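Colleague: I am new to this structure and would like a close look at a single part. Please take the hairpin as the place to begin, and then say what else can be described.

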Amino acid sequence: MQTMNILASRIVGLTLAFALMLMTVNAWAQNANTRVRLGQGGNQDLVVPLFKSNVVELDREAARISVGSPDIADILILRATQLYVLGKDIGTTNVLLWDRQDVLIGTLSVEVTHDLESLKGKLYDILPDESIAVYSTQRNIVLTGTASSVTAMNAAVRLADGYLQQISTAVEDQAFDVEEGRSTREDRAVGEVINLLKVGGGQTVMLEVKVAEISREELRGWDTAFQATWSGSSRWNPLGADKSFVPAFLGGPALSDTALFGSFTSNDFLFDLALVASKEKGLARILAEPTLTTLTGTEANFLSGGSFPIPVPQSLDKVTIEYKEFGIQLTFLPVVLGSGHINLRLDVDISEITGETQFGPTLSNRTASSTVELKDGQTMGIAGLISEETRETVRKFPGLGDIPVLGALFRSQQFQNGESELVIMVTPHLAKPIAPQDISLPTDKYVEPNDWDFYLMGRLEGKSPRNSAPPATADDEGGVEGEYGQQIN
């Protein structure tokens with residue numbers, strides 16, 4: 001029994017050894033078939049990756065060899081019938097071989113390129129879903145095909161750029177010791193990555209921006225002024241000359257609705273009194289919704305407003321005019337990333353004219369600048385402001401203005417309170433074109449008023465007919481065709 005087990009073990013071992021020998025022979029035969037063969041005075045092309053080698057089989061022994069450019073490739077003769085070729089630098093050269101009778105064995109045209117197979121393998125491992133082709137031309141690497149996103153395209157370019165750095169390494173001797181430096185050739189250019197990739201998918205970005213602001217303001221004021229005159233010449237005014245009563249002050253439109261006036265007159269005495277009490281409330285609401293569309297990686301600008309001239313003094317008493325823009329200004333730069341994400345660099349400026357000075361108009365500005373990353377259709381607030389401002393001013397006659405109740409006749413005071421709330425929201429979308437018939441314009445619902453609507457009814461717009469379908473005409477087939485060619489049943 002033991003003898004049979006030993007025999008079975010030997011048979012299994014021999015079988016495995018024979019199978020291994022067959023695999024080795026097949027591999028050697030396959031490798032021999034893929035080797036380049038040269039002979040009979042022919043010309044053979046050979047492409048060698050940078051810093052990699054190949055073997056050329058000769059039909060007879062070589063006695064003499066000539067290399068066009070040793071800086072491009074190292075050539076060694078092995079066993080007299082094998083030629084070992086090592087790529088040293090990007091470029092082309094040729095190799096001529098002669099036998100012992102000085103007969104030309106053949107010419108070998110060698111082209112040393114970038115290690116494209118290795119680069120293709122890395123691109124497939126890292127970006128398996130991308131359709132990217134790689135080529136080598138002179139000292140450059142060319143990328144073609146389609147990338148699904150800008151992120152994938154940038155990754156492919158960086159991987160290819162890393163393979164360009166191999167050119168900055170040189171081979172100094174036949175032992176192939178590699179150290180920093182370059183080939184002894186004068187042309188030391190590293191080359192560049194020529195990016196011919198196209199970015200597929202939805203790459204048009206539409207940005208919706210909402211600017212909502214509400215401002216409340218409250219103003220309360222109290223003012224008194226009086227003057228007394230007697231004997232026709234003397235006048236007394238405790239609040240100073242600026243509070244003197246003159247006809248322009250008494251009849252001023254600013255005080256006519258909020259002032260109480262009193263006057264006492266006798267033969268030698270005149271007394272005038274004005275009490276001004278005011279309370280004002282104001283509310284402002286601003287809602288702006290600009291929408292802008294552009295391609296990924298392309299900056300877009302939007303302005304809804306105007307501009308005003310500003311004089312700028314120059315030399316020799318010359319003045320030039322510059323224009324300052326105001327209104328709703330929007331600038332954004334979108335970049336579509338993988339998985340439907342959109343990177344946005346956004347600048348929003350909301351300005352309005354609030355007053356006039358001798359130097360020109362004054363502006364009120366609300367600006368925001370931000371960079372965010374959102375998915376298609378997501379909304380994010382990039383700016384928010386809650387502001388509250390209170391101001392109080394009191395002017396009074398010293399001493400008399402501090403008297404309770406009666407002191408109100410000798411002081412002037414003002415209270416101002418303001419509140420404002422501001423929110424800026426952004427929503428990016430991957431935009432696609434739509435059919436013209438699906439477009440709705442702001443002017444679609446406008447109807448020009450007729451004489452009845454304009455003169456008698458005072459309307460600025462006419463009434464829309466209940467049936468908004470265009471007038472129809474009978475066609476040759478007995479159907480009805482609309483004004484714009486639609487078929488109406």
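Modeller: In this predicted model, G305 stands opposite G327 in β20. Together β19 and β20 make a hairpin, with five residues between them. In that turn, L316 has a positive phi of about 60°.

Next comes the largest pocket, which holds about 450 Å³ of space. Its lining is made up of 23 residues, and those nearest the centre are S215, R216, E217, E419 and S420. Two or more lining residues come from each of β14 (204–230), β17 (269–288), β21 (341–357), β22 (360–375), β23 (380–396) and β24 (411–430). Sorted by class, the lining of the largest pocket has 10 charged, nine polar and four nonpolar residues.

A helix can be described too. Helix α2 spans residues 116–126, and its buried residues are L116, L119 and L123. The buried residues of α2 are covered by elements including β9 (131–137), β10 (140–147) and α3 (150–164). On the face of α2 turned away from the buried side are the exposed residues E117, Y124 and D125.

Note on methods: Residues are numbered from 1 along each chain as its sequence is written. This is a predicted model: local features need pLDDT of at least 70, side-chain atom pairs count only at pLDDT 80 or more; totals for chains, interfaces and linings use all residues. Side-chain values use heavy atoms; hydrogens and water are left out. On a 1 Å grid over the protein atoms alone, a cavity is a set of points where a 1.4 Å probe fits but cannot get out, and a pocket is an open set with protein on both sides within 12 Å along at least five of seven lines; lining residues have an atom within 4 Å of a point. Grid points are joined across faces, edges and corners, and a volume is the space filled by probe spheres set on the points. Helices (H or I, at least four residues) and strands (E, at least two) are DSSP runs, numbered from the N terminus. Ala, Val, Leu, Ile, Met, Phe, Trp, Tyr, Cys and Pro count as nonpolar, Asp, Glu, Lys and Arg as charged, and the others, Gly among them, as polar. Buried means under 20% relative accessible area, exposed over 50%, partly exposed in between (1.4 Å probe, protein chains only). Contact means heavy atoms within 4.5 Å. Two strands pair if DSSP finds at least two bridges between them.
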